[in-house]
Amino acid sequence: MSDTTKESLRQAALFYHEHPKPGKLEIRATKPLANGRDLSRAYSPGVAEACLEIKDDPANASRYTARGNLVAVVSNGTAVLGLGNIGALASKPVMEGKAVLFKKFANIDCFDIEVDESDPEKLADIVCALGPTFGAINLEDIKAPDCFIVEQICRERMNIPVFHDDQHGTAIVVGAAATNALRVAGKSFEDIKIVSTGGGAAGIACLNMLLKLGVKRENVWLCDIHGLVYEGRREDMNPQKAAFAQKTDLRTLDDVIDGADLFLGLSGPGVLTPDHVAKMTDRPIIFALANPTPEIMPDLARSVAPDAIIATGRSDFPNQVNNVLCFPFIFRGALDVGATEINDAMSLACVAGIAELARATTSAEAAAAYKGEDLTFGADYLIPKPFDPRLVGVVSAAVASAAMTSGVATRPIDDIEAYKARLNQSVFKSALLMRPVFQSATAASRRIIFAEGEDERVLRAAQAILEETTETPILIGRPEVIEARCERIGLDIRPDKDVQIVNPENDPRYRDYWTSYHEIMQRRGVTPDLAKAIMRTNTTAIGAVAVHRGEADSLICGTFGEYRWHLSYINQVLGAGDLRPHGALSLMILEDGPLFIADTHVHQLPTPEQLAEIILGAARHVRRFGIEPNIALCSQSQFGNQAEGSGRRLRDAIAILDSRPRDFTYEGEMPVDVALDPELRARVFPASRMEGQANVLVFAHADAASGVRNILKMRADGLEVGPILMGMGNRAHVVTPGITARGLLNMAAIAGTPVAHYG
């Protein structure tokens with residue numbers, strides 16, 4: 001990686017943390033505070049009632065406060081990622097990031113707490129004093145052996161789960177990966193020889209986990225930077241390492257690697273060599289988990305052992321050992337049953353749940369998320385992918401069950417299957433639902449052309465596309481302007497080096513482009529001179545012609561200008577045969593889940609036939625996100641109580657849809673509150689064929705759809721993905737001027753994925 005690229009990535013990371021507001025977390029109220037009555041309940045005098053209930057019974061804290069879903073992520077910054085002892089304050093971005101993962105993956109609220117205390121016993125005192133605030137404690141990035149001391153003291157004195165993720169999270173995922181690797185290799189824990197490098201917190205915890213799974217202590221050979229840990233060694237020793245000391249004259253990794261079945265690396269790059277691998281047993285298992293560079297690169301290991309089973313800590317190789325497979329879900333299960341600790345039974349249940357999930361049939365959602373990868377259980381698929389939506393249900397339920405069985409649950413769950421179902425329903429209530437789209441885009445390798453290629457947002461999006469997908473960005477614009485702007489804002493991309501350029505002022509394909517446009521438009525009043533002028537000045541038309549000629553796969557335009565102006569040129573050039581704009585669909589990602597709105601831009605007053613097309617298109621696109629469409633046709637009219645107007649057109653659209661079987665749910669016409677409130681709908685129309693909340697709202701007037709979209713975006717903090725142009729086979733999308741660079745990246749991912757055909 002060049003110095004320029006490194007600096008570009010550094011600036012992009014800093015920009016992410018600074019804008020639009022510093023940091024990655026904020027606190028929001030969950031109760032109304034709109035008048036004096038609310039105030040008297042939230043604070044004095046009403047708050048006293050909750051206080052007294054908790055005083056009488058401390059368990060009531062989980063009923064009347066947020067404590068039961070609140071975790072502290074605590075660090076003193078002495079062993080942060082690969083950065084070392086950078087101090088408590090500098091560790092705050094990492095701890096904020098950990099809190100975000102808790103929230104996004106398991107809907108657990110977190111406070112990140114950075115403590116400027118290096119004495120482990122004093123740090124433990126501070127953590128223990130925080131007990132009344134939290135339902136659980138996640139210790140993070142505390143150096144060894146201090147982390148062992150802090151965790152032990154906190155576990156002894158606190159009556160809530162205390163979990164050092166660097167140790168136990170890694171150990172649980174390694175345990176799951178090892179379980180399945182041995183199954184693939186046809187070996188058992190009881191019989192294998194393990195050689196490990198790295199005597200830190202994670203390494204020791206992994207070895208202890210493997211002992212719990214059946215490995216014999218005498219078969220474990222631990223090495224660190226000073227060589228083998230052996231009986232009598234005094235250099236850099238502690239009780240945790242000493243527990244694995246071997247009585248032997250051997251002293252180096254090279255001495256002990258012979259005949260090893262499993263190499264476990266949590267050390268540094270290049271520690272394991274091909275010669276070492278050659279000394280291991282047939283079908284060796286190699287867990288090279290150092291980041292960012294493993295102890296040995298997979299291709300190097302396979303050069304001497306083609307049948308090796310390999311895991312790393314990196315996402316660009318199969319079998320990524322990632323703590324995110326564990327910690328959100330083990331805490332979710334522990335909190336939900338009010339566990340007083342995370343014990344061995346719960347950790348082993350987590351191991352088993354993760355391992356079993358990899359062996360199970362791959363879900364449709366996981367297949368969509370990782371399109372192009374073989375997710376069949378085997379050497380290259382030992383553990384689930386981090387974004388497998390089944391993790392929260394399977395793992396958290398297993399942990400909760402183990403907590404109840406082992407007697408540490410203070411709030412047992414009566415129906416564990418119902419609990420698992422509730423967890424599964426919560427999976428898509430966050431921006432993580434975009435992840436399947438990004439993974440599909442990674443496999444698609446499509447060429448995305450941007451009409452407004454000189455726009456700073458487009459340039460930032462193009463940089464992100466190169467970093468996050470395999471798509472090729474093509475920018476329409478003047479190369480010198482693009483290069484100058486990239487330099488000014490600190491981007492690494494350069495014209496015709498990293499991105500392709502179509503230069504309206506001087507492009508060798510100019511004659512091909514204007515003749516192509518003239519051929520399409522010559523019977524619609526466009527002369528050769530007009531075609532030449534348009535291909536010099538109209539970047540949307542230029543982008544559409546590039547797609548028409550097969551030089552790009554999809555066009556994104558609209559960062560300035562009016563939607564229908566852009567749409568008219570797209571329709572002129574690309575609207576042929578079955579391709580024509582059916583409608584615009586906006587995905588709004590809200591606090592309580594996703595909501596799709598249509599048609600926001602294409603048809604001002606859609607006919608019943610157009611409404612039917614909008615609904616069919618919405619069903620197709622909603623399924624791209626792994627969501628089953630539940631479509632409400634919205635109007636002021638309520639199930640026939642108004643004879644004319646929008647209700648009439650919606651009823652006619654329903655008749656069209658009813659003319660043949662459909663494999664998705666739709667219902668209407670109804671007001672928005674009836675669509676979103678199942679209890680209200682049951683009162684006003686008990687015969688409704690829709691169950692639960694609608695997740696797609698289709699309107700009979702663009703003003704209504706656009707108004708709802710904008711209100712959700714501006715007043716409900718909805719994150720918009722879109723508008724997605726339906727009916728054009730993913731060949732073009734028109735965004736709106738308010739779109740951000742991240743929004744453009746989302747649209748590029750949308751443009752880079754296939755559209756399934758339903759209905």
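Arg-623 and Glu-628 join through their side chains in a salt bridge, with N and O 3.0 Å apart, a salt bridge being a side-chain nitrogen of Lys or Arg within 4 Å of a carboxyl oxygen of Asp or Glu. Arg-623 is buried at a relative accessible area of 13%, where buried means under 20%, exposed over 50% and partly exposed in between (1.4 Å probe, protein chains only). The model is predicted, so local features need pLDDT of at least 70 and side-chain atom pairs count only at pLDDT 80 or more, while totals for chains, interfaces and linings use all residues. Residues are numbered from 1 along each chain as its sequence is written, and side-chain values use heavy atoms, leaving out hydrogens and water.

By this rule there are 38 salt bridges, and the table gives accessibility values for residues that take part in some of them.

| Residue | Relative accessible area | Class |
|---|---|---|
| Asp-344 | 42% | partly exposed |
| Lys-212 | 43% | partly exposed |
| Glu-454 | 16% | buried |
| Arg-478 | 29% | partly exposed |

Glu-454 and Arg-478 form a salt bridge of 2.8 Å, N to O. Glu-454 lies in the loop between β11 (447-450) and α20 (456-468) and Arg-478 in the loop between β12 (472-476) and α21 (479-489), so the pair ties together parts 24 residues apart in sequence; helices (H or I, at least four residues) and strands (E, at least two) are DSSP runs, numbered from the N terminus.

An open sheet of four strands runs in the order β2-β1-β3-β4 with parallel pairing, where two strands pair if DSSP finds at least two bridges between them. Its edge strands, β2 (109-114) and β4 (162-164), each pair on one side only.
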